[in-house]
Structure formats: structure tokens, C-alpha cells
Amino acid sequence: MSVLNVNNLRTSLVIGGVEYHALREISLSVAEGETLAVVGESGCGKSMLAMSVMGLLPSVAAITMGHVTLDAVQIEAASESVMEHIRGARIGMVFQEPMTALNPVLTVGEQIAEPLRDHLGLSKREARKAAVALMEKVRIPAAATRYNSYPHEFSGGMRQRVVIALAIACRPRLLIADEPTTALDVTVQRQILDLLDVLRTEGKMGMLLITHNLGIVAGHADRVAVMYGGDLVESATVKELFRNPAHPYSRALLASLPRVDRDLSELASIPGRVPALINMPEGCRFIDRCPHAMQRCHTMPPPVAVGDSQAHSVRCWLHVQGGEDAAEG
Amino acid sequence: MSEALKIDRRVRRLPPGRVAIIAGAAIMAIVAAAAILAPLVAPHDPYAQSMLARFRPMSAEYWLGTDQFGRDTFSRILYGLQITLWTAFASTALAMLCGTSIGILSGYYGGRVDRWLSAANDLLMSFPQMVAGIIIVALLGPGITNLIIAIAITAFPAFYRMARSAALALRERDYIDACRVLGYSDMRIISRHLLPETLDDIIIVATLWLATAVRTESSLAFIGLGAPPPAATLGGLVREGFDNLLDYPGLAIWPSLAILVVMIGLNLMGDGLRDANDPRVSA
């Protein structure tokens, strides 16, 4: 049973009176205890997707189509007061930057205790006890003493553990991790990701892991969704994607990975760059960089084609029955 | 050279502002004690008139002499201190409460309301303080409560502007976003995560404004817009003494000195607190 279901989601930005589609018809789901990785380069809409789910879009943006359901309850149009009970309680979130995500003038213990008091209504003493337990759970040594430390006394990795403790404090159903290790050392990265894996399994949480690091995807995700320019271009199990990437962008992305077993003298790259939101092509958004671009790619956004196994879907004209023929004919 | 260095180091060892804070606090403690304990300390009833004891010089009985109605100047200064300090304190507290809360809300939410409030605030700020005070007292009418409100209105812009700019800067911080992600209500974010960080600055502004409030009160009283007689306020005493300045200068000079002492005490405290809090000043 899926914890999070995003169905045909469109998020639009209004700039200067013109509406632009920052996210175009995105559909994905995260099951209990599963990690879905969302990959893509900067500006592809990964964080916009997270903010759409959280109901924390900036004032110029809004969900204009589709549904977001959490445990089969629709939340995309929920009021702010309803969302305040969902955020922090049923959806937890871990950010990229642990150095600034904590209030510098409150002790880390007080900060971990706060959501427990706010959402679960624990008393001061209960919250303190639970906070120490949480600190132990995220493996902060000497938790009881460290309760009274301030964020500046913690290293980056330790702070990220505090941020994780905050995110899982109220046993959320869904954990959104937005590039949780980008700001950390490679060795610490590993520890944090392993910790997230353990917590996800123990808490039966679904996890949405936003990253641009394919190595992390390979090691820590069950399924993967590839995004490009606000489109979800391909979604498959990790194994399937790495073995049979179907979308030209996924293929190019994987081909650009430096491999230790190959010649490293020249790194592969994808020519061109992501078009800005205000001049996105009408049809396929990858068209300017795609080696297989056809006539119809210019005019019509490609539909989602479901592969042989239901788990693999790709949004490309190449994979539509008869799509190629029609273009060449 | 080495001697100079040594002295330099010894001076530096004192935290910035510490001396000023202690000196200012000591002065204000004595002044406040004198004001609060006025009924116990004052040798005479400040309102008791005596035609037989008019314009007495300084003596063991009348420490600072008497005025044209035979009232004891020293006692009147003590009672005047009471009203003046209370007026300054109440008006500053009122301005701090309103200015800070409206300023924080305005900066945190932003938008059109914020723009209008800021514009109105700038307008209020552009008035010279005395002129604003005179206009407001004239509109409200005399009386201590109205005086407090008038001074509070003139002090409001300083607190509003300070709290608003602090909220504007803080609301962009990542940890405030993190609070939203954790589902905290705006009220919780403001009261627990914004307000405590702005409090330091606000208290410093409040201390400095206390001095300004004393000055405003005295100035308004001097031009006859203060607490109505026979109430004694420091500014009112100066005004009364002014009528006989050439013959009995002490009647104006003693309350003036009292104002001076209060101003010095409050300014020392405010400047000291500011220096102690300013990272650019600390060694």
C-alpha cells in the first residue's frame, strides 16, 4: 500500500501574468518502507515537487492540476491549519544544509523536543525524555549530555543527525530527504544514508530521496524517478534503470557517469543545457539536446508509455507504439 | 613599548561597555530608589504650602530651599522624579510592546499591509519629536495618562522599525523554513524563534529611549504641556523655577540637575549595553 501518491500533478508559476508549468503532469508513488529516488539536474523541479507535496510553495506558485494523497487522503488542497498538522507529524523532511537548518540560540535538545510538544502534546518532561531517546536513535553519543549543547558545538554530520531526529520525531509516514548529504563529507554521507535506511525500515516509512548523485541512487533506493525540466521522464526500479535506460535523457545521464573500469581521459557530457522555464519548448522539453528528436517531439508533449513490466514507464515518443513510424512517414 | 602594550592589554581585559553599564545602573538604582521611597525619604509634604516659608535658602530644614509657595524643593524633586520616571517607563514600555509586536508581524508577513505601515511609520518618524509630542498632547488634552500615550506614540517608530527589520532578516533564515516544514504555526515561529533573537536589540533601544522619554516629558512640562499642577514633575519644576530665575536660580537649577543625572544614568546604561552587544566593538 502506497504512503504517498502523486497523480498527474501540475504545479504552475505565474510570472508577469503568464502561467508557466514548473511541474508537468507528474505521477509517482512511494510504498511503505520503500525508497523512491528522484534524480535530475539543478532546476529540474525536484525541490518544487517536494514543496508541492508539503504545501509550502512560494506565493507565485500553485498546484493547478492533479492530486497528492497521503495514506489515501487527498492533501493538495488542504487548508493551512490541516497542513500544519501534517507537516512535521506525518511528513518529515531532511534538508541539504544542516549547518543552517537549526536555530543557533536554542539547544539541540530543546529543538528536538519542540515538535513532540507541538504535535504530540507531550509534557516538558516527557518531551525531554523522548528527545534524548531520539538522539540515541540517530546515534548521537552521550545523548543526555548533548541535549544541552548548542548547534555550533556540533559537527556537520552530527547536526544532520539532529535534523533527522527532528524529522522523524513524530514517527511520520513519509520522509522527504532533499539532498540530505550534499553538504557532507563522503564518509559521513555513507553513515547518514545508512542511518536513514535503518530508520525507514524500522519506522515503516516511505522515503522520497531527492538527489543528483546516481551513486546514492544505486546504493540506497528501491525505485528511481528521473526528472528533466519539470517532466518526470522515466521511472523504474533501480536495477532496471541502470540496465535498460529507455529515455534518451536517462541514457545520456548514465553515460556521463565516470566509470573506474573505463578510460577516464575524457568525461562524457550532454551537450546544451536545460532551457529556462520561460522559454520551455512546447513539446518534449529535452528536444534541444536529444539525438533522436523527431518531427512530432516539437509540437506535442510525449505521453507516458508503460513498458513491458508495469514498473517501468517512460515519457518519450520513441516508446509510443507507432510513434516513430508516424514521425518518419 | 612593552609597558604601553601591557597597559593596553589591561584595559582591553574589561569587556566593552561593562564600566558604563555598572555606572549607569548604579546611578539609576539610586535615583529609582529615591523616587520609589519618596514618601519615606522626603523631609516635607511636597504639596504643603506655607506663606511664612516662601523662598527660603538652603538650610538644615529645607535642604534645597523652598519655592514661592513655601514648598520644600528637595521633596518636590523626589516626588517629581517619581512621576517623571513613571511617565518615561510607562510610555517606553507601551511603545516597546506595540512597536515590537506590530513591527514583527509586519516584517514577518510583509505584503501590502507592511508597505503601508512602513510608510506611515516613516511619516511619523519624520516629525521632530517635540513637534509630534506637542500636537498629540494638544489633541488628547492634559493629564499624565495622555502624556504617557503621547510620548509612547513618538517612541513607537523606533521600536517598529527595529523589530520589522529584524523580522525581515530572520524570516529568510533556513531554520525558519525548517520550522515551517515541521508544521509550526506562525505564532509559534514568531514567539519562539523570532522574538527571542530580537529581544537583545529591543532592550537596548528601550534603555536609550527611556532617556529620550525623560527629555520629552521634561520638555513638554517646561512649555506647560506636562502633568497639570500641583503635580510635581522635573520639567514642571524647572518651569516653575524659571519664573524667578534671576532672584532664586536654585529653584530651576536643582531640578535641571536631577534631569541631567537621570539622563546620564540612562545613556550610560544604554550605550554600555549597546557596546557589550556589538560584535564590532568587542575586542
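Modeller: The model is a predicted one, and I would begin with confidence: chain A has an average pLDDT of 89, with 96% of its residues scoring at least 70. The exception to keep in mind is the stretch of residues 323-329 of chain A, where the pLDDT falls below 50, although this stretch still makes eight contacts in the model beyond near neighbours in sequence.

Turning to the part you asked about, the largest nonpolar core comprises 92 residues, and those with the most contacts inside it are A:Ile112, A:Ala165, A:Leu174 and A:Leu208. The element that gives the most to this core is helix α6 of chain A, residues 156-168, which supplies eight residues. Because domain 1 (2-90 + 170-258 + 270-328) and domain 2 (100-169) of chain A both give residues to this core, it lies between them. As general background, nonpolar side chains in soluble globular proteins tend to be buried together.

As for the domains themselves, the C-alpha centres of domain 1 and domain 2 of chain A are 31 Å apart, and the contact between the domains takes 16 residues from domain 1 of chain A and 13 residues from domain 2 of chain A. On the side of domain 1 of chain A that touches domain 2 of chain A, the largest share, seven residues, comes from helix α7 of chain A, residues 186-203. By class, that side of domain 1 of chain A divides into 12 nonpolar residues, three polar and one charged.

Chain A also meets chain B, with 20 residues of chain A in contact with 14 residues of chain B. On the side of chain A that touches chain B, the elements giving two or more residues are α2 (80-86) and α3 (108-120) of chain A. That side of chain A has 11 nonpolar, five polar and four charged residues.

For a residue in another setting, consider A:Ala276, found in the loop between α10 (248-255) and α11 (295-299) of chain A. A:Ala276 counts as exposed because 10 other C-beta atoms lie within 10 Å, the limit for an exposed residue being 12 or fewer.

Key
Residues numbered from 1 in each chain as written. Chains lettered and ligands numbered in written order. Predicted model: local features only at pLDDT ≥ 70, side-chain atom pairs only at ≥ 80, totals over all residues. Core = buried A, V, L, I, M, F, W, Y, C linked by C-beta atoms within 7 Å. Buried ≥ 20, exposed ≤ 12 C-beta atoms within 10 Å, placed from the backbone. Helix = DSSP H or I, 4+ residues; strand = E, 2+ residues; numbered from the N terminus. Domains from an automatic or database assignment. Contact = placed C-beta atoms within 7 Å. Nonpolar A, V, L, I, M, F, W, Y, C, P; charged D, E, K, R; others polar. pLDDT = per-residue confidence, 0-100.
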